[in-house]
Amino acid sequence: MTKRVFEAWKGSNKFILGGRLIFGPDARSLPATLLLIIVPVALFCVFVARHLRHEFSSYNAGYAILVVAILFTIYVLILLSFTSARDPGIVPRNLHPPEEELRYETTISADGRQTPSVQIPRTKEVMVNGVSVRVKYCDTCMLYRPPRCSHCSICNNCVERFDHHCPWVGQCIGQRNYRYFFMFVSSSTLLCIYVFSMSAFYIKILMDNQHGTVWRAMKASPWSVALMIYCFIALWFVGGLTAFHLYLISTNMTTYESFKYRSSSRSIVYNRGCANNFLEVFCSKVKPSRNNFRAFIEEEPPRVVTLPNTTRESAEADEENGTRRQKVEDDLDIGDDLMNLSQRCNAEEATNDQPHHTLDIDHERAGSIRTETRHGSWGRRSGSWDISTSDVRESRSFTTAKEGRG
């Protein structure tokens with residue numbers, strides 16, 4: 001039965017729903033990420049937002065705090081799914097090395113034999129915005145990586161505009177999901193600020209209603225304090241990540257490029273200005289995936305790499321001449337063995353002087369055997385010999401006639 005592409009996928013990705021959703025190999029970290037988002041928001045809705053429903057002059061205005069928290073959380077989860085459950089920009093693998101890039105070289109051994117070899121250049125130069133950029137050949141995917149493309153060692157795929165592999169979302173961050181990744185991180189930052197602010201606001205209300213101190217208000221709502229501490233710690237991570245990627249977007253760089261090419265001119269090749277860089281990330285159309293994971297695999301006929309004609313013909317000629325020379329030597333050796341056997345049998349007959357049948361082959365007959373055998377062995381393996389019954393019968397009749405004359 002013909003398999004689909006996702007069933008024979010050579011990367012380390014995981015697929016669900018028949019190849020409709022694609023995740024990284026570390027997708028098991030997603031439940032932890034979901035818990036880190038959902039649990040604090042649920043606690044906020046139960047212990048903070050519920051008590052703020054009637055704390056405003058308009059009786060039902062406090063419901064907006066609860067509704068905003070729920071809707072904003074759903075929005076963050078949708079962005080998380082867009083980031084982790086889609087193709088980040090995987091470059092399809094080649095089944096064979098690019099034939100137009102092959103280089104044929106011939107090496108000469110000590111005995112003069114020419115050995116052809118096929119090699120692929122490790123790098124090549126391409127022009128990007130008028131600047132020469134060196135791209136590398138990927139042995140795993142058997143292709144030259146496009147500019148800004150890198151091979152992820154975790155997912156085992158080449159990803160276009162590779163930024164990094166994020167274990168929290170269980171997916172590579174590349175050309176097709178970088179926008180959603182930044183929106184997810186920045187929205188999580190805003191959600192943390194919102195929960196922190198509303199929790200602090202509830203502490204302020206408790207202080208005003210009870211005419212007490214901050215400590216009394218904190219004892220009256222310990223969950224508000226716990227949420228404030230949690231959001232403060234989380235802000236250092238998601239807030240710092242948001243600020244860092246704002247800088248990367250303004251300079252049109254990726255995380256991978258910022259660490260690897262920080263001191264080289266390659267980091268400014270793609271910089272189109274701050275405004276255009278933001279437009280490129282947020283307003284450009286997301287390219288469709290280059291992989292149809294649900295398509296059926298089409299078998300391709302085997303490809304044969306053709307070596308240069310002169311080298312191939314010389315190699316075949318050397319092999320054929322060596323084979324023929326070995327076969328002729330084997331034929332001559334067998335003819336000599338037959339002659340020696342005949343002479344030894346005649347010598348034993350003369351010594352013992354007893355009448356018995358002998359294998360007597362004269363020189364003329366031996367020559368015919370050697371000649372026939374030599375020509376009859378072409379095309380067969382050296383050392384494989386067939387003696388017909390007519391030759392044996394003729395030899396016996398010749399021996400019998402000789403004894404009758406004697």
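Predicted model: local features only at pLDDT ≥ 70, side-chain atom pairs only at ≥ 80, totals over all residues.

Visitor: How many residues does α5 have, and what is its reach from first C-alpha to last?

Guide: α5 covers residues 222-251, which is 30 residues, and its reach is 44 Å, close to the 44 Å expected at 1.5 Å a residue. After α5 comes N252, with a positive phi near 55 degrees.

Visitor: Which residues of α5 are buried, and what do they pack against?

Guide: The buried residues of α5 include V225, L227, C231, A234, G239 and H245, and the run from L248 through I249 and S250 to T251. Their partners are α1 (30-47), β10 (164-166), α3 (178-210), α4 (214-220), α6 (255-260) and α7 (274-282).

Visitor: How should I read the core?

Guide: The general idea is that in soluble globular proteins nonpolar side chains tend to be buried together. Here the largest nonpolar core has 42 residues, and F44 and F184 have the most contacts inside it. Two or more residues each come from α1, α2 (63-84), α3 and α5, with α3 giving the largest share, 14 residues.

Visitor: What does F44 touch, leaving out residues up to four places away in sequence?

Guide: F44 touches A49, I65, A69, Y194, V195, M198, S199 and L227. L227 is also one of the buried residues of α5.

Visitor: And the aromatic rings? How many pairs are there?

Guide: The structure holds 14 aromatic pairs. One of them joins F47 and W223, which are stacked with 5.1 Å centre to centre and 20 degrees between the planes. F47 belongs to helix α1 and W223 to helix α5, so this pair ties together parts that are 176 residues apart in sequence. F47 is partly exposed at 29% relative accessibility, and W223 is partly exposed at 38%.

Visitor: How does their spacing along the helix come in?

Guide: An α-helix has 3.6 residues a turn, so residues three or four places apart point the same way. F72 and Y75 are three residues apart in helix α2, separated by about one helical turn.

Visitor: Which residues place a charge over a ring?

Guide: K124 lies over the face of Y144, at 4.7 Å from the ring centre. The charged end of R148 sits over the ring of Y270, 4.1 Å from its centre.

Technical notes
Residues numbered from 1 in each chain as written. Heavy atoms only, no water. Helix = DSSP H or I, 4+ residues; strand = E, 2+ residues; numbered from the N terminus. Expected span 1.5 Å × (residues − 1). Buried < 20%, exposed > 50% of the residue type's maximum accessible area, 1.4 Å probe, protein only. Contact = heavy atoms within 4.5 Å. Core = buried A, V, L, I, M, F, W, Y, C linked by side-chain atoms within 4.5 Å. Phe/Tyr/Trp six-rings, centres within 6.5 Å; stacked < 30°, edge-to-face > 60°. Lys NZ or Arg CZ within 6 Å of the ring centre and 35° of its normal.
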